[in-house]
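Subject: Structure for you to look at

Hello,

Here is the structure I said I would pass on. Please open it beside this message and follow along.

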Amino acid sequence: MPGLYHTFGGILLIRRIRGELAGILEESVLVDVHGLTYEVFLPPHIRERFEGRSTGSEVEFCTYHYLAVDQAKSVPILFGFENDVQRDFFELLTDVPRVGPRAALRAFALPVATVAKAIELQDTRLLKSLPGVGPQRAKDMIASLGGKLGGFVDVEELERAAEAAERPLESFEADALEVLTQLGMSHADAVTALRAVREAEPELTSADALIRRVFQNR
């Protein structure tokens, strides 16, 4: 099957797989290809789309073929994506320090554009909501990939978000910001959280209401 494989260091790597859906597991799906059954691990938001889907239907994935080395043995693992863009973005996530393929797959819990925009806008609040991403990993993602993800984000949407982030705070928002930073939140995280609350609930126009909502959303 030309175009479905390439070699790396003499090892045949699988780059695409097509076959029949043979089963659905907690983090993966089983794909039957002419009698051979492959387990393909999927990002959480893609895996969810297979809930309730009947077996026997045709499926196709762009794949990342990973050799997990455990002491004296190597175990091949397939990670699956709906298209080349998703796979390319996943491969960029693996460039972040201390983020291997398994960690990158868990963190890939939202669509590409959503995660890419969060990185470009330094939205640590959203990044920390991803599985396995704590404060330091969120900072590492921004430091490693910030400024490199324009091709994965709608440019106009990013510019609109950036303009909103630069809007001066109203007096009651500034009062809420001061309290949040005194309570231990970083300035950047507090501003991001306040703007998210104001966008979702513009009727909240007091510092106390904003502070309560920010902590309810954490």
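Below are the notes on what was found, topic by topic.

The model is predicted, so local features need pLDDT of at least 70 and side-chain atom pairs count only at pLDDT 80 or more, while totals for chains, interfaces and linings use all residues. Residues are numbered from 1 along each chain as its sequence is written, and side-chain values use heavy atoms, with hydrogens and water left out.

Aromatic rings

A pair of aromatic rings is described by the distance of the centres and the angle of the planes. Searching the whole structure gives 10 aromatic pairs (rings of Phe, Tyr and Trp, the last by its six-membered ring, with centres within 6.5 Å; planes under 30 degrees apart are stacked, over 60 edge-to-face, the rest tilted). In one of them, the ring centres of Tyr 64 and Phe 79 are 6.3 Å apart and the planes stand at 40 degrees, so this pair is tilted. Tyr 64 belongs to strand 6 (residues 58–70) and Phe 79 to strand 7 (residues 73–81), and the two are 15 residues apart. Helices (H or I, at least four residues) and strands (E, at least two) are DSSP runs, numbered from the N terminus.

Are these two residues buried or exposed? Tyr 64 is buried at 18% relative accessibility, and Phe 79 is buried at 1%. Buried means under 20% relative accessible area, exposed over 50%, and partly exposed in between, with a 1.4 Å probe and protein chains only.

Both residues are also members of one aromatic cluster, which includes Phe 41, Tyr 66 and Phe 152. Arg 102 lies over the face of Phe 41, 5.8 Å from the ring centre (for a charge over a ring, NZ of Lys or CZ of Arg is within 6 Å of the ring centre and within 35 degrees of the ring normal).

The cavity

Rolling a probe the size of a water molecule over the atoms shows where empty space is left. Here the search finds 1 cavity of 30 Å³ or more, and the largest cavity has a volume of about 30 Å³. A cavity is a set of points, on a 1 Å grid over the protein atoms alone, where a 1.4 Å probe fits but cannot get out; lining residues have an atom within 4 Å of a point. Grid points are joined across faces, edges and corners, and the volume is the space filled by probe spheres set on the points.

Which residues line the largest cavity? They are Leu 93, Val 99, Ala 104, Ala 107, Arg 137 and Met 141. Helix 3 (101–107) and helix 6 (135–145) are the elements that give two or more residues to this lining. The lining has 5 nonpolar residues, no polar ones and 1 charged (Ala, Val, Leu, Ile, Met, Phe, Trp, Tyr, Cys and Pro count as nonpolar, Asp, Glu, Lys and Arg as charged, the others, Gly among them, as polar).

Two arginines

Arg 47 lies in helix 1 (residues 44–47) and is buried at 10% relative accessibility. A polar atom of the Arg 47 side chain is 2.6 Å from the backbone oxygen of Leu 25, and the side chain of Arg 47 also reaches the backbone oxygen of Glu 26 at 3.5 Å.

Arg 98, in the loop between helix 2 (84–93) and helix 3, is exposed at 63% relative accessibility. Its phi is near 65 degrees, a positive value in a residue other than glycine. Most residues other than glycine have a negative phi.

Regards

Conventions
1 Å grid on protein atoms, 1.4 Å probe; cavity = no way out; pocket = protein on both sides within 12 Å on 5 of 7 lines; lining within 4 Å. Polar contact = N/O pair within 3.5 Å; in protein donor to acceptor, adjacent residues only side chain to side chain.
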